[in-house]
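Visitor: I am new to this structure and would like to learn how to read its features one by one. Could you show it to me and take my questions slowly?

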Amino acid sequence: METHKEFEIGPIRPPSEADSLLLRITRNCPWNKCKFCTLYRKHQFTVRSVEDIKADIDQVAEYRQNILDGIPENLYELPEETAQRYFHIMHWIRAGEESVFLQDANTVVLTYDKLHEILTHLRKALPHIKRVTTYGRADSLNKFTVEELRRLKEAGLDRIHSGYESGSDEVLKLISKGYTKAMEIEAGQKIKASGIELSIYFMNGVGGKALSDSNAIETADVINKVNPDFVRIRTFVSQRGTEIYDEIKAGLIKECTDKEKALELQKMIEHIDGANGYLISDHIINLFEDVTGNIGTDKEEMLSIFARFENLNPENQRRYQLARRMGMVRTLDHMPRLSPEQKATVEDYLMRLDTEAEFEAFLLRLLRRYV
């Protein structure tokens, strides 16, 4: 068994888990072949022992109690790694210490027995927490029965985030996701039947121009059949160092424009029928942050945002895109609030970026800062 040190924290979590306590259950990604991702590419997947994970949980409980008791008085006198862990727990406490996120990329690759033991220990050591969440791939989730998932829910697992990215088999193959639309539907229906909340991710634009319609329409079909609690939008941004970036550069995939990626999301929403979860645009890489709401009751309101944008003349559309991608605005409603200096900056770039290719290349450079 490995020597236990400070409790482990992995490199990533969903934006919605910004205030969660982070506990590392596995290291890196067991699949690690998605063509759009480089996060774990140079790192080997390993499973931490249940004993070490439980020791981490006990250490968190100890540090939490020390903070509540007013010790240690000066964190800067502690070793750097220990101080960092205390600061992490302090942030969690200030945020209400409601949620715990289990890392890394696919915790549900563990066996049912190991997950159940970890969850049981976590809920016993930190009985006040209200929510435990984790990432889970569709293929790994499908190894569980509905009854096993229901028992994991009873043991304390409340929400699973799953990066579906697309509901199109063509797109899933293109990006080397490693599973099929049918597997996504099976996993989603099992999770919903168990009572665990399901949060899936849609990557608009990832199939390129040729598969844009398929990406939107087939993903909508998955949503209709699964009815996830949350659909979170992650606009595709090609990154240097990924296989899909190389394929775009080689002309094998024609990348959608910034506007086309947004309108692909519009098409997906248009084809959703009968689902009643929440669509959430909770990332700066999305063009419209306010395309958010209940898929069933707020559909027309969300679609009206796209209509407002499309009704603008091409120059005003570009002005909004520039302002959004430079971090000046969050919605179309914010455009009148630009300062004179911000307006001058937008106009300067609008004049200098003469061609569509230059405009799109500039937007991509801005977007890659956030990925």
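Visitor: Leaving aside its neighbours within four places in sequence, which residues is Ser214 in contact with?

Guide: Before the answer, please keep in mind that this is a predicted model, in which local features need pLDDT of at least 70 and side-chain atom pairs count only at pLDDT 80 or more, while totals for chains, interfaces and linings use all residues. Residues are numbered from 1 along each chain as its sequence is written, and side-chain values use heavy atoms, with hydrogens and water left out. Contact means heavy atoms within 4.5 Å, and once the neighbours within four places in sequence are set aside, Ser214 is in contact with Ser168, Glu170 and Thr219. Ser214 itself belongs to helix 8 (residues 212-226); helices (H or I, at least four residues) and strands (E, at least two) are DSSP runs, numbered from the N terminus.

Visitor: Is Ser214 buried or exposed?

Guide: Buried means under 20% relative accessible area, exposed over 50%, and partly exposed in between, with a 1.4 Å probe and protein chains only. Ser214 has 18% relative accessibility and therefore counts as buried.

Visitor: Where does Asn142 lie, and what does Asn142 touch, not counting residues up to four places away in sequence?

Guide: Asn142 is found in the loop between helix 4 (138-141) and helix 5 (146-155), and it is buried, because its relative accessible area is 15%. Not counting residues up to four places away in sequence, Asn142 touches Met183, Glu186, Ala187 and Lys190.

Visitor: How many residues apart along the chain are Thr82 and Glu6?

Guide: Thr82 and Glu6 are 76 residues apart along the chain, yet their C-alpha atoms are separated by 6.6 Å. Thr82, which is found in helix 2, is buried with a relative accessible area of 11%, and, leaving aside its neighbours within four places in sequence, Thr82 is in contact with Glu6 and Tyr63.

Visitor: Which residues have the most contacts inside the largest nonpolar core?

Guide: A nonpolar core is a set of buried Ala, Val, Leu, Ile, Met, Phe, Trp, Tyr and Cys residues joined through side-chain atoms within 4.5 Å. The largest one here has 84 residues, and those with the most contacts inside it are Met268 and Phe288. A second, separate core of 11 residues includes Cys34, Phe36, Met203 and Ile248.

Visitor: Which residues lie nearest the centre of the largest pocket?

Guide: On a 1 Å grid over the protein atoms alone, a cavity is a set of points where a 1.4 Å probe fits but cannot get out, and a pocket is an open set with protein on both sides within 12 Å along at least five of seven lines, while lining residues have an atom within 4 Å of a point. The largest pocket is lined by 34 residues, of which Ile12, Phe36, Cys37, Glu165 and Met203 lie nearest its centre. Strand 6 (residues 159-165) gives the most to this lining, with 3 residues.

Visitor: Which helix gives the largest share of the lining of the largest cavity?

Guide: That share, 4 residues, comes from helix 10 (residues 258-270), and the lining of the largest cavity includes Asp258, Lys261, Phe288 and Arg325.
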